[in-house]
Amino acid sequence: MVFPALTRFNDLVREQAETELLACCAVPDWATRVALGRPYPSVGSLTAVGLSALADLSWDQVALALAAHPRIGQRADGDSREAAWSRREQADAGASPEADALRAANVAYEERFGHVFLIFASGRTPAEMLAAARARLANDEATERQVVREELAKIVRLRLERLVE
């Protein structure tokens, strides 16, 4: 199946494609690598390249991507595509009965690991996200970095699909 949005994405000049991709992952080197892989014959080929490029990021680059994500339960500001996607992905978290506990878990997590708690929020309840935050506080640094990479990959995959479908 041919997606008109994929064709449009393939036809963008490189700089425009990179700008679009930064809404999926806020790492310029990643966006450049994925943009240079065009044209993509399918959504699957785009996501495969995107995830491969993501797996190659240094931890400093992952930290750059994390810095673009709001805290779970915190409404993303602005009218950018990335902000709109963040609001959509965690729509229920900020107004839930768990909101105060999520904020406290975010603070504890940031104090422990030095970056925002990242979780693939789509389809998860606030209670599930709170339980995950609390459980992940027990991780050592190496384990948590791997979990963060896995959660980031889920988010990037979803956003790449949204970008071109």
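Modeller: Helices here are DSSP runs of H or I, at least four residues long, and strands are runs of E, at least two, numbered from the N terminus. This is a predicted model, in which local features need pLDDT of at least 70 and side-chain atom pairs count only at pLDDT 80 or more, while totals for chains, interfaces and linings use all residues. Residues are numbered from 1 along each chain as its sequence is written, and side-chain values use heavy atoms, with hydrogens and water left out.

Colleague: Thanks! Then where do Arg145 and Glu141 lie?

Modeller: Both are in helix 9 (residues 141-164), four residues apart, about one turn of the helix.

Colleague: Why is Glu151 called buried?

Modeller: Buried means under 20% relative accessible area, exposed means over 50%, and partly exposed is in between (1.4 Å probe, protein chains only). Glu151 has 7% relative accessibility, so the residue counts as buried. Its salt-bridge partner is Lys154, at 3.0 Å, N to O. Lys154, at 36%, is partly exposed. Glu151 and Lys154 are three residues apart in helix 9, about one turn.

Colleague: Which residues do salt bridges that share partners join into one network?

Modeller: Arg14, Glu15 and Glu18. A search of the whole structure gives 10 salt bridges.

Colleague: What makes Arg33 and Asp56 a link between distant parts of the chain?

Modeller: Their side chains meet in a salt bridge of 2.6 Å, N to O. Arg33 sits in helix 3 (residues 28-36) and Asp56 in the loop between helix 4 (43-55) and helix 5 (59-67), 23 residues apart. With a relative accessible area of 53%, Asp56 is therefore exposed, whereas Arg33, at 36%, is partly exposed.

Colleague: And Leu6: buried or exposed?

Modeller: Buried, because its relative accessible area is 5%. Leu6 belongs to helix 1 (residues 4-11).

Colleague: What is Leu6 in contact with, leaving aside its neighbours within four places in sequence?

Modeller: Contact means heavy atoms within 4.5 Å. Leu6 has such contacts with Tyr40, Pro41, Ser42, Val43, Leu46 and Val164.

Conventions:
A salt bridge is a side-chain nitrogen of Lys or Arg within 4 Å of a carboxyl oxygen of Asp or Glu.
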